[in-house]
Each structure stands twice: as C-alpha cells, then as structure tokens.
Amino acid sequence: MIASTIENRDDLVSYLNAAMSLEHATIPPYLTAYYSIHSGTNSDAAHIIRVTAVEEMLHLTLAANVLNAIGGKPDLTRPGFVPSYPAYLPDGEDDFTVDLRPFSPEAVETFCKIERPGKAPSADSRLVETPDSRTHFLVSSPTAEKMRFYSIGEFYEEIIEGLEKVAANDPALFHGDPARQVGPEYFYSGGGAITVVTDLQSAQQALRFIAGQGEGLDSGIYDADGELAHYYRFRQLQLGRYYQVGDRPDAPSGPSLSISWDEVHKVKVSVRLADYPAGSELARVARDFNADYGAFLALLTKAFDGRPDLLQEGVCEMFRLRDGFNRLVCNPLPGSGGLHAGPTFEIPAGAGPDPGVSPDAGATDETARTVTR
Amino acid sequence: MYAKFPKGAAHRTDPGAAAEVLYDAVVVGGGISGALVALRLSEAGRKVLLLEAGPAEDLTLRGYERYLDRFYSAISKDNQAPYPAVANAPMPRGTDARRITPGAPDASSYIVQSGPFATDTTYTRVLGGTTMHWEGKALRMLPEDFRMRTLYGEGADWPLTYEDLAPYYSEAEREIGVSADVEDQAYLGIGFDEDYVFPMKGLPLSYLDRTVAKDVDGMPVDLDGEHRELRVRPFPQGRNGIPNPAYDGGRGYVPRGAVSAYQVEVGERCQGNNNCVPICPVQAKYNAGKTLALALQSGRVDLVAQAVAHKVHVDESTGRVTEIEYRRYDRPDSPGHTTMRARGRLFVLAANAVENPRLMLASGLRGSSGLMGRNFMDHAYLLAWALLPEVAGTFRGTICTGGITDLRGGRFRSRQAAFTVDIHNDGWGWARGAPMTDLIGLVDSGGRYGESLRQGLVDRVSRQLQLAFMVEVPADPSNRVTVSPDFTDELGNMRPVLSYNVPEYTMRGVAYARQLSRRIFARLGAEDHTAYDPEFWGYAVHDGEGYEIRGGNHLAGTHVMGREPSTSVVDADQRCWDHENLYMVGGGSMPTVGTSNVTLTLAALCLRSVRAMLAQLDSETAPIEVTTGRDQAATTSGETAP
C-alpha cells in the first residue's frame, strides 16, 4: 500500500476543493445532453439525465458542507473551477474524454464511464501515474504530483480515510461555523438528502453518499434507500428497459423505455466560442450564457459562504440558464455543417463574488492549486 | 420520495376473476375519496376493489406527460383540456355552459341543465379524479360553518363539530402534503393542536399579493356592527414546499413527488409554473394518484378501470347492498361493453356529489328522507378586475397564493353569504381570457409586433388585478340532481339532470362583494374595468344590478349528513341510513359548504369514516365465541373471508 496523500487539514481542503470541482464538472455534460433533447420527446431519457444532474448538484453541496465544516471557504469562481471541455476522467483507461455532447449513444457511453463502478484491483493501485501528455484530468491528486485516481469512488475513499487520520490528531478539525451549512430544506427533486456536517461521522456519511449514489459502490444496483445508482440509470438507456428490485445488473426486467435518437438538436460536440461567427447575434447569446453561468457560480459561492438562503434565488437563475440553453441549441451554427450551437462553458474572468476578506486565507491559497487544468 | 405504481396496476385485475371475490369493500371512484378509503382499508389488512370509470392508462410518467402534451396543444386551456374525453364515461366541461331558456333544459352536454340558472361547474372523470385539475387550495372550514343553523338561522348544522373533525384535518393535511404556517391560518376560531405545524412551510405570497397588501392591509370594514381590518393572507396549499423539520414532533416530513410505474424523481417542490389548473407539469401539486400508488402497492387493492357503475343492487328485506353492477367498456372509443358485478361486505360510493346521487337515483334508490340528490351546493364566483397603477408582476407565481379571508365569518351571515377573496396571479385570465386576448388585441387591433408587442404585453398584463370572490351557497332542497330515462349516455347510463338557482342569500353576498371590490380598487388607485355582460350564460340580476356568476367545481350537499334519518341521507360516518353496508362519501355529505374549497374537508371526512368502516367490518366478521364445554373454547369466523 502506498502512503496516504493526505497529511493535514490543508491537504483535506485541497482535496475537498477538488471534489467540488469534480462534482461540478459532470453537470455541463449532463445539461448539454438534457437540453439537446427536443421538448416533449424522449421522456424516459430526459428524466434519467435530469435527475442525475440534479443529484450531482446535491453532491456539489455535500462537498461544500464538508469543506465548510473544516473551516474551508468554497469558491466556485476561481480560475479553472470549470474545466475546459473535453476533459479527461480517470476510470482506469486513458483513452476517453468527457465532452459536451448532444443526447446520443456516445453521450450515454460517456455517462456510463463517468459513473462506472471502479474499485481498484488493490489498495496500492488506487493512485496511478499520470501520463505526461495528459493535462485535463478531472480527478488528479492535488497533493501528489502527477498522480491521479483509479476512479471517483477511490478518490472519495482517500478523503474518507484522510478525514479520519487528520481528525485523530486534530480534535478541532470540525470548527467551521454551523451557520455556513446548507440544510436539507434546500434540496429536492432528486434522490437523497443534504447532510449537515458537524463532525467526522457526518462528514464521512456525506462523502460515502456521494460515492454510493454515483456508482453503487459495494451495494449493488440499488443503494440503501432503494435508489438506483447513476451508473445503472444510464445502463437502462443502453439496455432499453427499467430495472426493478431483484434484477441482475445485466438484465433489467422492468417496463421498456423508448428512445428516439433523432429527436435531438445535433449540438456541435464541445463547441467553443471560437466556433461562433465573430460579431454574430448567436455569438452574443453564447457569451451571455457564459456570463450568466459565471454569475450563477458567484451566487452559489455566496450561498456556500454563509448565505444558504440565496439558494432559493438560485432557482430563478437556473430557469434563466435553461432559457439560455434553449435559445442556443435550437439554432444551427453557421459553418459547422448543420450542427447546432450550444453553451461553451468558457467562463469569463471577473464573474466572481464581491471581494471580501477570507475567513481562512490558507484555504484560498490552496484552492489556487487547482486540479482541473 | 417517489411512490411507484405496481407494474400493470390498471390491467392486472381481471374483472371476471374479481367478480368471484367477496371483497371487504367495493369502492366506486378513483379520486381522492376513493383513494384515501382504499389506502386506509388496505393498510388495515382489508381487501378492496376499486372501480374507476376512466381508462386509467396514466400510471406512468409518460402517461401523465401525454396529459401535458394535450394541454399544451389545446386551444382552450379549460379545466378539462388535458384529459381525454371518453363518451363511455363523459364529464362536464366548463365550456359547455349555455344560457338556459325557461322551460327548455339544455341537454347539449353531459349534465342536463334544467336551470333556471346555468352553471359551468365541472369534475374530472379520470383516475385521480378532480384532484388532477384542482388548484390545491386546502383551507379548513371555520368552526361556525358547522353550526350555521344554530348561530345564524341559515343553512344547516352538521352532526359534527370542528373539534370532532380537527384531528382528521391534520391527517388529511399529511396525506395531501399541505404547505402553510399555523400563524397565518389560525383565525376566526380555526384552532390547531398545541405544537402543530403543517407538513411543509407556507408558500410565499406573490409580488402581486404583496403589492395589493401594501394598501389593503389594515383597510377597515364595518359590517353588522362588527369592525374588522382586512389583511392579505397566504392560502394553505396542496403543493410541495419546504418540508418543516418541526413536523410530527421533530420527525419532519418527506414530500411526495411524481408517481409512476418506474422510478422518477421530480415534483418534490413547486417550481412556480402558472398552470396548477388544469395540470401541474411536475406533479408538485397533490393529485390522488399519489395516494392510489401507495394503496395499490399494498397488494390488497384491485383496480378495474373502464368500469362505470350502473346499478346498486339492494336486498329488499334488509336494505343491505348486495352488489354493484357495472359496465366495463372494452375500448374508450366504442360503446361495446360487458356487464359485470362487484361483491363486497361494504360498498363505498366515492364518485362525487353529482355522480353519487346519480347512481343511486338511477338504481331507483331515492332514500326514505326523499333527500337523495337534493341540496346541491357549489360556490358562486364573482370576479372583479382592474388595472393597477404600476407594474405588479402579474403572471408570476402559481395561479393563486394569497387573498382576503376576513369576511369568511361573522354576524353578517344571518343576512348575507360569506366569502373568501382570491387574488389571481393569472390576471384577467378567468374573467377575460388573458393573456391570449391581450395578445390578440395588440396584434389585430394594435398592429404591434416585435419589441413593441413585447413591451405592450408587459404594460398590459403585468398591471392586471383580478379578485375572485368565492361566495357560499346554502343548502336548498330545490337545487338538486335527478335522472331521467330520456337522457342517457353511450353506455346506457342515465345522465345527471341538474336544477340550480343561486339563492337570494348568496346574491346579497355577491352584491356586497362587488361593493367591496370597488372600495379595494379605489384604495389601490386601480382602474376598475369590471363590466358584466347581460348575454353571459351565468348573468344574474339582483336589486336591479346584474352580475356574471360562475361555478366553482366545489360540489357538495347531495347526500347530506345529519343526526336524523328523516332529515339526512347519511349519518356522521357517511353511512346511509337506509343501507347499513353502504357509505356515500365525499362533498355530497357536507351540510354546508362554507367558504373553503371542499377537497380538504371531504378528505378529512373520508379519513374519519374509515374508522367506522373498519369497526363495522370487525363487528360483522368478528370471531364468535362458541363455548362447547367447561375447558373447551373454539373460535370461528362469522363469515369466511375468500
């Protein structure tokens, strides 16, 4: 077994910042696929993608709660928090990237890879070496250079063990202001609930929940609450049937679901602002979307900075983002062979929150050492 | 939390096989009443057959979304727009209402209207019933609503008090999932248990509500020597909000989202869409499907859909119901059907206040009191509309979030009807078809387009204020549902024939409501645009003034409950005086309709009646002790369960 990469509170802060970045990084691909679906069609697929995206928002919030509990300061506006798509994801293979794709078999394949159960063959293979040529990893170790995790599940296992180790030496580890915690009243329309984090036990519970809801780690296709893990939700789209209790992973036996791959706006894969005709109205809408998205991340940063009530305002802002998505995806992108426009998630600098004094300068220094670029 | 319908719930019960079973209870109607009764009986281990007249193919999220698609593409966005019209189980539609010529009943639509007053009142005959299209207002009745005759010499007294029903109100609020704050809802004697909180926190008032409140809060009203000050108050709503962690002694509440045959997570919180009526796009609004899904999961409830009750058969000597004969149609679009029978120990008619008496009267069961079908009640709605001096954000929020409830009770009720006032977030939608009519006006008459059209619409609709006065209608025996062999539907079932007039007592309340609306508009500096059209089908004249009166779909009173068999159809448990194993449940049992939307109250009544049903089942099937010797005791069941 290799040595732990988490030695102290600062390491934990780095890891939890990385966790927030990772959880967020899955949301733009899910939303791109979701909003590419023609309104009123592909109901089964739309619901599966939607609920997964919503639960990733829960995971983001849970990671923020753990970070706040140990006195960190979540910042979703720091450079590099939003990855540049396509981005690599470690699943034991080095040959696939996470793109922003319209709903398609390729997109579903990627979602399965993101959420695939990935237990390392042994504890000492949890961390694997990063090939030099790859730079865009979603989950690399923030503390051990050039190392990345075998899977998202292993990444969280490292934090869960690290929390225990640091807490044993630092009784005051969980000294964060409880008023900064986001409570269960702010999450709905998905499986699971928000855990308020105040101690080691609640912190580990929150992180185990994230890992379990994504991949069904150790617990089969359903988790303890009877919820299907994300991986198996997407498998339903590949296998054409819903799972029901008692099913084997390879043979769902529930109602059949129907998919029409053609009822989709063919959004250009991982479209960039540079693909838009300069000065066009469409380019303006794409830039507006990115600015709105940046402002939304700034709002979330404030919410995670002691103003959880702002999450209610966030609901209206999410409707605004939905409208932005819809404005883009229904338009062909000139010069792209009939492919459609879509948000690029290139967030302009300066969309950050009001400058303020950080309650914990050490934490913000750590966050600068970002993991996604 | 999601609740799953068992796979094939609507079709797995073979009606032929069901005919061979003696059920503990046969329930007619898959709306909120039938769903609650089926759920509670099945929880107690009882076996239930539920007969639903509609096709009930809507147990998946996709099925529900087909309702949405139909609604989105419908030109008329009325209450029934999302729901399929099935000739075998027809339903009234708000757009059916026609002016009635004296002496000539209007038989052009499902409910035959004898008049003299025409109504557009509706109910929805699909699985889930009228809760599919209801708005979700879940007001408790006032304590004084239960004692109208004693206190004010008007209407009737209930055989129950508010205090008798209060625990069941709490239970109904849990089942429906009501969002409200006790401090807003404790008024005019409405009492709550100490430490009670609603399952979910109150939903916020809309910006429009708050704009109105700025000027209306504190407005003095003196009536019959009583002084009061008006206040804009949030309504309790059967829509999911923020769960209250203090609920249930600190155990909290888990909202119930959308239901489906497979796992879905949506609808656990209201998103502020503005079409609660006729359908919530995400199922954040309660519908009885949520209760039915739980009932069907028990495995003790069989559902037979496309089953229209035709006749209640009674044993002449005992008066007990022996079976319900129903017509099961094979396809929604053809009248071909099979006559089937359903047998049970108890029978529960949960169809609604029109269909319940219709079925009884069609079965020749008029009741020894002669009151079957009589005392039909609804609410009479008077609308008043105006333009506010400033943009007030109309059309934001759900259809209705707040209103004025201070005139729901008081001494004036000995003379004139009480009312609740709704502030409508959908502007002049109900009165004049906004915003579509505004759009058409700006385009056709104004020649507007582009930016100017958008701005014109904002200027016009965002200042609209519509007040809806929901005026109580007292019981009147001549307002009634009857049947006639001259009027039948596709399956040969007799259609309801409605005779209805708005009582003078109600019209005095209507006239006062109009006066009050003028005062409110004046206080707001709003431009009164209210004008009542003499050609309107529901035009009614009182003291020389004409008003447009609309129906409220709050059906009540056609099998009223009471203390005496001579003055009522059912007892306080909703059990028929004439038929000891027959319960007629729902709004029809209510002796007064008060000033609250009826769903919460009829749900509470059903939950209360379940207790009596279970006691009756226990006593009629209780083990009988037969002592055969000093130290031998055998028990045997009174009747063997199938």
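Biologist: Where does H424(B) sit in the chain B fold?

Modeller: In this predicted model, H424(B) belongs to strand β15, residues 419–424 of chain B.

Biologist: Is H424(B) buried or exposed, and how do I read that?

Modeller: The idea is to count neighbouring C-beta atoms: a residue with 20 or more others within 10 Å is called buried. H424(B) has 25 other C-beta atoms within 10 Å, so it is buried.

Biologist: Which residues does H424(B) touch, leaving aside neighbours within four places in sequence?

Modeller: Its contacts are I399(B), C400(B), G429(B), W430(B), Q466(B) and A468(B). One of these, C400(B), is also the bridge partner of H424(B). For a distance across the chain, take D106(B): it is 318 residues from H424(B) in sequence, and the two C-alpha atoms are separated by 31 Å.

Biologist: How do I place β15(B) among its partner strands, and in which sense do they run, parallel or antiparallel?

Modeller: Look at the bridges. Strand β14, residues 400–404 of chain B, runs antiparallel to β15(B) and is joined to it by 4 bridges. Strand β16, residues 464–471 of chain B, is also antiparallel to β15(B), with 6 bridges.

Biologist: What covers the two faces of β15(B), and which residues lie on each?

Modeller: Go along the strand and sort the residues by side. F419(B), V421(B) and I423(B) are on one side, T420(B), D422(B) and H424(B) are on the other, and all of them are buried. Because 6 of the 6 residues of β15(B) are buried, the strand is largely enclosed by the rest of the structure.

Biologist: Now a helix. How should I read burial along one?

Modeller: An α-helix has 3.6 residues a turn, so residues three or four places apart point the same way. Take helix α4, residues 105–115 of chain A: its buried residues are A107(A), V108(A), T110(A), F111(A), I114(A) and E115(A). Viewed down the axis of α4(A), they fall within an arc of 160 degrees, so they line one face of the helix.

Biologist: And how many residues of helix α9 of chain B are buried?

Modeller: For α9(B), residues 289–297, the count is 8 of the 9, so the helix is largely enclosed by the rest of the structure. Those buried are G289(B), K290(B), T291(B), L292(B), A293(B), L294(B), A295(B) and L296(B). They pack against β1, α2, α5, β8 and β9 of chain B. After the helix comes G299(B), with a positive phi near 80 degrees.

Biologist: How do I read the backbone angles elsewhere?

Modeller: Most residues other than glycine have a negative phi, and most peptide bonds are trans. Q306(B) is not a glycine, yet its phi is positive, about 55 degrees. It lies in the loop between β9 and β10 of chain B, and it counts as buried, with 25 C-beta neighbours inside 10 Å. N553(B), also not a glycine, has a positive phi of about 60 degrees; its place is the loop between β21 and β22 of chain B.

Biologist: Which peptide bonds are cis?

Modeller: Two to look at are these. The bond from Y85(A) to P86(A) is cis, with omega near 5 degrees, and P86(A) lies in the loop between α3 and β1 of chain A. Another cis bond joins V277(B) and P278(B), with omega about 10 degrees; P278(B) is in the loop between β8 and α9 of chain B.

Biologist: What about the nonpolar core: which residues have the most contacts inside it?

Modeller: In soluble globular proteins, nonpolar side chains tend to be buried together. Here the largest nonpolar core has 290 residues, and those with the most contacts inside it are V66(A), V27(B), L51(B), V348(B) and L382(B). Its largest share, 14 residues, comes from helix α3 of chain A, residues 43–69. As for L51(B), its contacts include V26(B), V304(B), Y326(B) and A342(B).

Biologist: Finally, how many residues does each chain bring to the contact between them?

Modeller: Chain A gives 13 residues and chain B gives 18. The chain A side divides into 5 nonpolar, 7 polar and 1 charged.

Note on methods. Residues are numbered from 1 along each chain as its sequence is written. Chains are lettered from A and ligands numbered from 1 in the order in which they are written. This is a predicted model: local features need pLDDT of at least 70, side-chain atom pairs count only at pLDDT 80 or more; totals for chains, interfaces and linings use all residues. Two residues are in contact if their C-beta atoms, placed from the backbone, lie within 7 Å. Ala, Val, Leu, Ile, Met, Phe, Trp, Tyr, Cys and Pro count as nonpolar, Asp, Glu, Lys and Arg as charged, and the others, Gly among them, as polar. A residue is buried if 20 or more other C-beta atoms lie within 10 Å of its own, exposed if 12 or fewer, and partly exposed in between; C-beta atoms are placed from the backbone. The arc is that of the directions from the helix axis to the C-beta atoms. A nonpolar core is a set of buried Ala, Val, Leu, Ile, Met, Phe, Trp, Tyr and Cys residues joined through C-beta atoms within 7 Å. Two strands pair if DSSP finds at least two bridges between them.
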